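Please read the following briefing alongside the sequence and the coordinates, which are shown directly below.

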Amino acid sequence: KFADIPNGLAAVSKVPALGWAQMVAYAAYCELSGPTTRAANTSDYADIRPGDYGFKVLTSSDPAELTKKLNAEIANGRLAMM
């Protein structure tokens, strides 16, 4: 039953040894198998800055329109923090 399991770090002692072995084995498998995707090859991305996706999201040739878009983005970010 879940009611028999204590809260916090006391619950660590309730996990059976075979359960810990299974978790360690899976973590080792994930670490040792390594990423095989193209994204893992960092030499392809040596000349690209983080966040540079090849296009700009907030663009405008009109400075007033660009300022309006940037201010709206800041306002949305502040609202999201509330």
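Of the 82 residues of the protein chain, 1% count as buried, where buried means under 20% relative accessible area, exposed over 50% and partly exposed in between (1.4 Å probe, protein chains only). This is a predicted model, in which local features need pLDDT of at least 70 and side-chain atom pairs count only at pLDDT 80 or more, while totals for chains, interfaces and linings use all residues. Residues are numbered from 1 along each chain as its sequence is written, and side-chain values use heavy atoms, with hydrogens and water left out.

**Overall fold and surface**
- The protein chain has 2 helices and 0 strands, taken as DSSP runs numbered from the N terminus (helices H or I, at least four residues; strands E, at least two).

**Segment before α1**
- L9 is found in the segment before α1 (17–33), and its relative accessible area of 77% is why L9 counts as exposed.
- P6 is also found in the segment before α1, but P6 counts as partly exposed because its relative accessibility is 27%.
- Not counting residues up to four places away in sequence, P6 touches A11 and K14, a contact being heavy atoms within 4.5 Å.

- The ring centres of Y26 and Y29 are 6.5 Å apart and their planes are at 35°, so the pair is tilted.
- Y26 and Y29 both lie in helix α1, 3 residues apart, or about one turn of the helix, and both are exposed.

Notes:
Phe/Tyr/Trp six-rings, centres within 6.5 Å; stacked < 30°, edge-to-face > 60°.
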